[in-house]
Amino acid sequence: METIETPERAMLVIPHPDDGESGAGGTVAKWAREGCKVLYVVCTNGDKGSSDPDMTSERLATIRAAEQKKATEVLGVDELIMLGYGDGELEDTSAFRGQIVEQIRRFRPDVLLAMDPRRMSHSHRDHRISGQTALDASFPFARDVLHFPEHLAAGLETHKVGTVLLWGSEAPDVVVDISDTVDLKMHALAAHESQLSTDMTRIEQFAKRRATDAAAEAADHGFKFEFAEIFRRINFRR
Ligand SMILES: [Zn+2]
């Protein structure tokens, strides 16, 4: 396991509102504080995430967009794009991949963060599909001129993403010390009132327990952090 330098530009491909905060919120806040420009691309509107029988998908999507906006403001994210797919409706299509490629070519991230699509255990299909599409978009689609040439015709250039960091991985090999930003992560999570308890003590327990577990995993490799987030790194040759 190793640490990673703060990049200049980072882009997140996020399946549902709140997945970015729970997977990488501390890292995003830390990097943003250190001057990194951050783009959030949230793929779905999370319009099925309710157990309230009186809730409608339309109303929930509106609520969750507002919660996501608030959370990104807490973390210091520079730009938020919501692609607006229905919750559970992501498919590995050329159109979806093209949207991610377009954002890569426009924003030109050094590091892209997404959810690990490969897990032995089961994960939500939006998590798998967003993660796999983010990887495919990074390599080789965003790099090659003959993929989505309409972007080039519109004035964008190809872009090579150097590194992808995957959160939710069963084989993490990168650790980020979030001891100074775990509180911001907690407050960003708290913005998702429709999803999590509004009890700040419980949110704090949830955020800190996971960050402590990650730090314990890194401690096995000699890193002494109080709170951490961990990722699986994929490097693409420059
Ligand atoms: Zn999710």
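The model is predicted, so local features need pLDDT of at least 70 and side-chain atom pairs count only at pLDDT 80 or more, while totals for chains, interfaces and linings use all residues. Residues are numbered from 1 along each chain as its sequence is written.

Helices (H or I, at least four residues) and strands (E, at least two) are DSSP runs, numbered from the N terminus. A residue is termed buried if 20 or more other C-beta atoms lie within 10 Å of its own, exposed if 12 or fewer, and partly exposed in between, with C-beta atoms placed from the backbone. Helix α4 spans residues 125-141, and its buried residues are D126, H127, I129, S130, G131, T133, A134, L135, A137, S138 and F141. These buried residues pack against the strands β1 (9-14), β2 (37-44), β4 (111-115) and β5 (163-167), and against helix α3 (94-107). Contact here denotes two residues whose C-beta atoms, placed from the backbone, lie within 7 Å.

Helix α4 also contains P140. The peptide bond leading from F139 to P140 is cis, with omega near 0°.

## Two helix pairs

Two packed helices are described by the angle between their axes and the distance between the axes. Axes are lines fitted to C-alpha atoms, for helices over the stretch in contact, and angles run from 0 to 180 degrees between N-to-C directions. Angles under 35 degrees count as roughly parallel, over 145 as roughly antiparallel, 65 to 115 as roughly perpendicular and the rest as oblique. A crossing is left-handed if the near helix is turned anticlockwise from the far one by less than a right angle, and right-handed if clockwise.

The axes of α3 and α4 come within 9 Å and cross at roughly 60°, which means that α3 is oblique to α4. Their crossing is right-handed. On the α3 side, F96, R97, I100, V101 and I104 meet T133, A134, D136, A137, S138 and F141 of α4. Classified by residue type, this contact has seven nonpolar, two polar and two charged residues; Ala, Val, Leu, Ile, Met, Phe, Trp, Tyr, Cys and Pro count as nonpolar, Asp, Glu, Lys and Arg as charged, and the others, Gly among them, as polar.

The axes of helix α6 (residues 182-190) and helix α7 (residues 200-219) come within 9 Å and cross at roughly 130°, and the two helices are therefore oblique to each other. The crossing of α6 and α7 is right-handed. From α6, the contact involves V182, K185, M186, L189 and A190, and from α7 it involves M200, I203, E204, A207, K208 and A211. By class, the contact of α6 with α7 has eight nonpolar, no polar and three charged residues.

L189 of helix α6 is buried, with 21 other C-beta atoms within 10 Å. Not counting residues up to four places away in sequence, L189 touches E21, S22, G25, L196, I203 and A207.

## Nonpolar core

A nonpolar core is a set of buried Ala, Val, Leu, Ile, Met, Phe, Trp, Tyr and Cys residues joined through C-beta atoms within 7 Å. The largest such core has 64 residues, of which V41 and A228 touch the most other members. With neighbours within four places in sequence left aside, A228 is in contact with V175, V176, D177, I178, A211, A214, A215 and A218.

## Positive phi values

Most residues other than glycine have a negative phi, and most peptide bonds are trans. D18 has a phi near 95°, a positive value in a residue other than glycine. D18 is placed in the loop between β1 and α1 (19-33) and is buried, with 24 other C-beta atoms within 10 Å. R108 likewise has a positive phi, near 60°. R108 lies in the loop between α3 and β4 and counts as partly exposed, with 18 C-beta neighbours inside 10 Å.

## Selected residue pairs

The table lists separations between C-alpha atoms.

| Pair | Apart in sequence | C-alpha to C-alpha |
|---|---|---|
| L189 and E21 | 168 residues | 6.0 Å |
| K69 and V145 | 76 residues | 33 Å |
| E91 and E73 | 18 residues | 29 Å |

K69 belongs to helix α2 (residues 57-75) and counts as partly exposed, with 15 C-beta neighbours inside 10 Å. E91 is located in the loop between β3 (79-85) and α3 and counts as exposed, with 11 C-beta neighbours inside 10 Å. Leaving aside its neighbours within four places in sequence, E91 is in contact with F96 and I129.
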